[in-house]
Amino acid sequence: MIHLKAVLASNLKTHRKALGLTQEKLAEIVNTSPTYIAMIESESRTPSFKMIERLAEALGLEAPALFYMESYPNLRASQIHEALLEQFDKFLRAASNEISAEKSNSFS
């Protein structure tokens, strides 16, 4: 199974290095810590949608480009599509739960 988090981590690192950016410099640009960038790249943290957008902008990309799967050329397009949908569905459910929790907390 293809893990969306692994694709994001790989693409983030690849694009960051292609631009000659250190984790520290990228962190400075997107207003976060270098440790957090390292954690995303090592797949130990999953960034929010807002952070994904900030990272993409800092790298001169559209956010979906961070999920492009160049690393998996031997897979059929239907396999990639299916895996992405499955992982993205999980991601959206988690984000939805996070947003619901934030709304609940703001009304408390």
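Arg16 is buried, with a relative accessible area of 6%; buried means under 20% relative accessible area, exposed over 50%, and partly exposed in between (1.4 Å probe, protein chains only). In this predicted model, local features need pLDDT of at least 70 and side-chain atom pairs count only at pLDDT 80 or more, while totals for chains, interfaces and linings use all residues. Residues are numbered from 1 along each chain as its sequence is written, and side-chain values use heavy atoms, with hydrogens and water left out.

Arg16 forms a salt bridge with Glu41, with 2.6 Å between the closest N and O atoms. This pair links distant parts of the chain, Arg16 lying in helix H1 and Glu41 in helix H3, 25 residues apart. Glu41 counts as buried because its relative accessibility is 13%. A salt bridge here is a side-chain nitrogen of Lys or Arg within 4 Å of a carboxyl oxygen of Asp or Glu, and by this rule the count is two.

The other salt bridge joins Glu28 and Lys25, whose closest N and O atoms are 3.3 Å apart. Glu28 and Lys25 are three residues apart in helix H2, so about one helical turn separates them. Glu28 is exposed, at 57% relative accessibility, and Lys25 is partly exposed, at 37%.

Helices are DSSP runs (H or I, at least four residues), numbered from the N terminus.

Leaving aside neighbours within four places in sequence, Leu66 is in contact (heavy atoms within 4.5 Å) with residues including Val7, Leu8, Leu12, Ile52 and Leu55.

Glu86 is found in helix H5 and is partly exposed, at 35% relative accessibility. Glu86 and Leu4 are 82 residues apart in sequence, yet their C-alpha atoms are 9.1 Å apart in space.

The mean pLDDT (the predictor's confidence in each residue, from 0 to 100) of the chain is 85, and 83% of its residues reach 70 or more. Confidence is lowest in helix H5 (residues 77-106), at a mean of 76, and highest in helix H2 (residues 23-30), at 98. Where pLDDT is low, the predicted coordinates should not be read in detail.

Notes: Helices (H or I, at least four residues) and strands (E, at least two) are DSSP runs, numbered from the N terminus.
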